[in-house]
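Please examine the structure shown below together with its sequence. The paragraphs that follow lead through the charged pairs and then turn to the ligand.

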Amino acid sequence: MKAIRRFTVRTLLPAALQDLDELAHNLRWSWHAPTRDLFETIDPHLWATVKGDPVALLGALGPERLAALAADEDFVAQVRTSAQDLHHYLVDPRWYQSVASQGRSMPAAIAYFSPEFGITSVLPQYSGGLGILAGDHLKSASDLGAPIIGVGLLYGAGYFKQSLTRDGWQVETYPVLDPDGLPLRLVREADGSPAIVSVGLPSGRELHARVWMAAVGRVPLLLLDSNVPENDEAARKVTDRLYGGGGEHRLQQELLLGVGGVRAVRLWSRLTGAVEPEVYHTNEGHAGFLGVERIRELVTGSGLTFEEALEAVRAATVFTTHTPVPAGIDRFESDLVAQYFGGDNSTPGIGVDKVLGLGAENYPGGDPTMFNMAIMGLRFGGRANGVSLLHGEVSRGMFSELWPGFDETEVPIASVTNGVHAPTWVDRRLIDLAAERFTSEEVATGTGWLRTDGITDTELWAMRHTLRTQLVKNARGRLRASWRQRGASPAELGWVDDALSPDVLTIGFARRVPTYKRLTLMLSDPERLRALLTDPDKPVQMIIAGKSHPADEQGKRLIQQLVRFTDAADVRNRIVFLPNYDIAMAQALYPGCDVWLNNPLRPLEASGTSGMKSALNGGLNLSILDGWWDEWFDGENGWAIPTADGVEDADRRDTLEAAALYDLIENQVAARFYDRDERGLPVTWLEMIRHTLATLGPKVQATRMVADYVQHLYAPAAVAGRELGADTFAGARELAAWKATVRSEWPNVRVDHIESGVGEVPQVGDELHVRAYVSLGALSPSDVEVQVVHGRVTEADDLSTFGTLPLAHDEAYEGGRHAFGGDVKLAASGPFGYTVRIVPKHARLASIAELGLVANAT
Ligand SMILES: *Cc1c(COP(=O)(O)O)cnc(C)c1O
């Protein structure tokens, strides 16, 4: 019989155990092993049954058990100690406070918006890398004491659970989550009623949402939930699933995330007294409407024009782009977006055309009927970045049409390379061993690993063996469960007890299954793979996992192809596909794998983070030089799979890269893994592990990443935002007026004529004298910078690398004409070239390319 309604009855904790509630609800337990230990001691068996979920554990304890615990003085004392430890973690000054106290001007608070957050498998609100990164960002911000507030949606069924048919086809199920049974607290008004955020929909409808708060250490994460009685049937379903529907459903989700998210932040400040954010960071374009809402606030609240408000908003917004894959960027029909920001939902002073202009693809190659969320992200983001050096470069190329006339290197998109939250992803055995043998300085810098007397080779290898064994055991359990689910009887599954071996070189591959990640590259030559797996002396075993987006039939076919290969009796004990890749599986997988494989189609992997998690556990990366690996592969921390960049035929490119992969595995990876000394140790392998832990260890940390964001993006954005906001937005008004003048006058701006002189035979150290005659229309010389762009030229006279030198204003003539002059020092020998250009200049521009205006000499 089906219940028509459900709710969760909460446990009433005895007073002596009250602190357990806080310990269970603050997600710090998810990266703090001692807190988990405390819960486990309550009932180890039950702890395993509830899969390590403290809220579920407490909910399952009967009154007698609770009374017994409350009477157990030792236990009560442990609870008190844990609660005090958490309290210190939450309030003591940390890195951020120390930087701020050195007088640096740091934002009072930062709002971080993301469509998904992967914090723990207990809160399944993520699909893959983007969400895990967001979770790691919040956790690391908490560890650093950075005053971030997260904003997202609470999806009723999260992403989906993956299983397989007998035939290897992906099946999706959507178990409904009960927010009352999750580590969340409902945000309430002072009178105890649920606080509500509302957003207007077309045709007079309204979308309401409750706000749940997940405590991620020191960071509050606000999650909006549309499944509330105030909503009509359709509106209740807006937050039903993560990336579930297409088109309008997705637009409504993003409307709630962006517009509703800002309103939730205001609500939170009103109810808790939390300081308002000074900086808004949007993790990919999905939350971009937050900018529209902030403009609305300024237009209605402070009387700014749309353009003035846009300046104020831009200055304080950071946009991170995460993908060079067009399918990863949200686009909507402009007509559809118009329905949401026009009519009843329009704001006086903000014509719907202005909102549409923010996402318009009004550049060569764009589609004028579409509204593009990434483009809006860049127009709102006074500061923007990609997520690895290579991805920054790729993004500058990809979006260069927005800054025509500038060199690609000048496109204002920087990069901050991703990182991962070590306490979440490193096996605690390894953490404990390092803490026991190294000084804290050695732990922080990674140098402890270079000392073989700290942890000996024998011990390190024994640790790797333990981690591999733990994974093999875990994988067998998952394999058995999967086969049972696929319809096999226990009698048919005897072989699973011997599937995988704790002594065999273990290669892991787990990630989402979009085409560019090439799940089945390893199957390019099935016989070759079979030979590697079944090699009698140097066998390889592979553990593979990944979900395909439910609407991606092609991805599901790839999974099926792979599963069918793994099902064959002669290889099934050496290669396995484990369904339902999630945080819990990931945490078991990374530590146990000797090698982490990644073979995306370069350069489509923006960063990738799973390889970083592997590295932190002493895994060696075997990867295409893409994303973070392109930046940090150093020849000794793993292997680079050579790419066939430029080979047009996709199949041929795959074949070439797969062949290179097989060669590497056979001749280098397996050869080295099985090359043992008289003690049975793979000495060179162990050196590579030490080198990886010592050199990559400190770099791949998400604390490094968050500190980079704080110093290079958040702090400057806060300063810029304050400057424009001071004196009731005098700066924003002035900047908007100046930009309007510059834009309208720019057609009259040009380089008319250049005179230059240099000696007969130019030598290094000589000076090139340049005098440029320019027209500025009604602009004044201080509104522009006239620059010599100079440097080495190619045979085609392209300035391959260049510097710029501002020229000084020399003379003004009639009709807006001026002369500028200066000297360029010839610093290097070889072919030299130069040109002159004019760009807008204003102290409050974050980049000379900001307006996308330049007048190049022709
Ligand atoms: C780290 C992680 C990812 C992201 O991995 P990529 O290498 O960036 O593809 C996806 N899913 C889970 C569960 C993860 O832990």
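**Charged pairs and the ligand site**

In this predicted model, a network of salt bridges links R518, R602, D630, D645, R653, D654 and E657. Side chains of opposite charge can pair when their charged atoms come close.

The whole structure contains 50 salt bridges. One of them joins D594 and R468, whose closest N and O atoms are 2.9 Å apart. Here too, distant parts of the chain are linked: D594 belongs to the loop between α23 and β20 (595-598), R468 to helix α20 (residues 457-485), and 126 residues separate them. Both D594 and R468 are buried.

Attention now turns to the ligand. Around the ligand are 15 residues, of which K517, Y590, T609, S610 and K613 come nearest. A polar backbone atom of T609 is 3.0 Å from an oxygen atom of the ligand, while an N or O atom in the side chain of S610 is 2.5 Å from a ligand oxygen. For K613, a polar side-chain atom lies 2.6 Å from an oxygen atom of the ligand. The protein buries 95% of the 380 Å² that the ligand exposes when taken alone. Domain 2 (95-418 + 713-723) and domain 3 (422-700) both give residues to the shell around the ligand, so the ligand lies between them.

Key
Residues are numbered from 1 along each chain as its sequence is written. This is a predicted model: local features need pLDDT of at least 70, side-chain atom pairs count only at pLDDT 80 or more; totals for chains, interfaces and linings use all residues. Side-chain values use heavy atoms; hydrogens and water are left out. A residue is near a molecule or strand if one of its heavy atoms lies within 4 Å of it. A polar contact is a pair of N or O atoms within 3.5 Å; within protein, one must be able to donate a hydrogen and the other to accept it, and residues adjacent in sequence count only if both atoms are side-chain atoms. Accessible areas come from the Shrake-Rupley method with a 1.4 Å probe; for residues, only the protein chains shown count as cover. Domain bounds come from an automatic or database domain assignment. A salt bridge is a side-chain nitrogen of Lys or Arg within 4 Å of a carboxyl oxygen of Asp or Glu. Helices (H or I, at least four residues) and strands (E, at least two) are DSSP runs, numbered from the N terminus. Buried means under 20% relative accessible area, exposed over 50%, partly exposed in between (1.4 Å probe, protein chains only).
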